Amino acid sequence: MTAGVREEPREAVRPRTPRRLPLPTLLALLVGFAGVGYRLALLFADVPPTNSDEATMGLAALHIARGEGFPVWFYGQAYMGTLEAYLAAPLVALAGPSVLVLRLPTLALYALFLLLSWRLTRRLGGDRWYALLVVAVLALGADRVVKNQLIAGGGYPELNPAGAALALLTVGLCVSGPGARLPRWAAWGLISGVLLWVDPLILPYVLTLGVLLVARRRRELAGRAGLVLAGALLLGAAPMLVDSIRHGRNPVTAVLAAGGSGTAADWADRLHGALVLGPPLAMGFCSPGRCATWQLWWAVAFPVLLVLAALTAWHTLRRASGRPGSAERVSAGVRLALLGGAAGVLAAYAVSNAAGQTPTESSRYLSCLAVAVPALLWPLWQAARPLAARRLTGRRQLAEVAGFGALAVLAGVLGTGASATVDVIRAAPGVHAEADRHRSLVDTLGALDVRNVRGGYWTCNRLTYATGENVVCAVVDDDLTPGFDRLPAYRREVAADPDAAWVAPAGSPLAARLDERLGTESGALDVVTVAGWRIYLPRR
């Protein structure tokens, strides 16, 4: 019965040694989890503060979840796609409307961005320690950064992971064999099309990476690859294209108008907003709502580093010109494309009036500068690595100066970002208290059986979403005249209710105007005060 069975020698059977992650990869994983965990803790603390624009996306998710509508654009405008609403709709259907369920998909997008950035850094030739550095920089979360990453207000949380994915796909398309490229062409086109629908801010990266692909794969693009790419791009942009054809809308015109094209800003203000305030705010070096003077050092370092990194990548391209398919040449080309995209994003912002009119808030337009971090910090790492490894050769003194200078800049990046992150944590209790006051407002309106109200723009949709449309709000300006309603149906419903109330933050101009209508005569208002809010009820 044992014929044909051979007993293995005892020494031939060896226990399999468990595979361990290299130390820098393990540390990058831990730092990444810390970055995601930090943001999850912020969400439970109601940070960053929500607003009516985010609630408008929540209302779109609520309508999608109920099957009551499938909006293409952010309500009240013909640009900025509603991808975030479609991502959140299943969670809203399961758990009901809340800011937390609206932001869980954006948190997942941030985690994906970290993973893709780590992978992109490795594919561009960075070692594991440099990939750890990139993850550490992106794990920090200052005020403007966490707003861009977590607020589901349309367009921003999805830009960075999509940009990193396009860069990774570009690397793959430049180095892989022809048989493996068609799925990558399809993915590249689909992501680009979706980005054109969602928010064109990422367009400079799409253009620069696209130029690189044309330069390296133009013959392939003339065949099936070009057809696949074009078809996937049209599919991704289909919501925008179909809506534009059906309604005769031009999303490009709408985007230009959103940039402040109607009112001219002074060029000095534009350049100050774009070049001085913009990079430090966008890269996470500033305190909540402001930039201290010492935090503006990145405004000087950023353009210098951008040029230095571009020259480094160009030099590598020229040096490897005899090896067109080499990984080193591909990496340098993609780094150069990322840097060109970052420069394009900054230039587009600098010529917009928003940079001069509202530089602090409008710096969100520079959020996708983070996509270029693996390329931007590369020359610093190249200069600092020999010093850290004690491998200085040749001009030792010059190399030491460059190495210590690079280490100082990298330390400044991490230190300034960490300081701004701590400022967010310190401000969190105040933000949480304001959210509690708003929840008290919602509870009080429910207890008063109020179903229709009038309020300011930044009150209305936030209140309507928080109540799951149990309370409907119509917008009024401070002089009590009708304001901008993103959903006109709400105004019609409120206008039909003779018992509609008014809601205003305590101490606001709207509250002061409504206080003039308090009294005992017919048609006057009664007031109910609740935790920072004033509810005005018509006298019955």
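The torsion about the S-S bond of Cys 460 and Cys 473 is about -50°, so this disulfide (a pair of cysteine sulfur atoms within 2.5 Å) is left-handed. Cys 460 belongs to helix α21 and Cys 473 to strand β2, residues 472–475, so the pair ties together parts that lie 13 residues apart in sequence; helices (H or I, at least four residues) and strands (E, at least two) are DSSP runs, numbered from the N terminus.

The model is a predicted one, in which local features need pLDDT of at least 70 and side-chain atom pairs count only at pLDDT 80 or more, while totals for chains, interfaces and linings use all residues. Residues are numbered from 1 along each chain as its sequence is written, and side-chain values use heavy atoms, with hydrogens and water left out.

The sulfur atoms of Cys 460 and Cys 473 are 2.0 Å apart. Cys 460 counts as buried at 1% relative accessibility, and Cys 473 is buried too, with a relative accessible area of 0%, where buried means under 20% relative accessible area, exposed over 50% and partly exposed in between (1.4 Å probe, protein chains only).

The structure holds two disulfides, and the other joins Cys 286 to Cys 291, with an S to S distance of 1.6 Å. This link is right-handed, with 80° about the S-S bond. Cys 286 is buried at 3% relative accessibility, whereas Cys 291 is partly exposed at 21%.

What of the sulfur of Cys 368, and which cysteine sulfur is closest? The closest is in Cys 286, 17 Å away, which is too far for a bond, and Cys 368 itself is buried at 0% relative accessibility.
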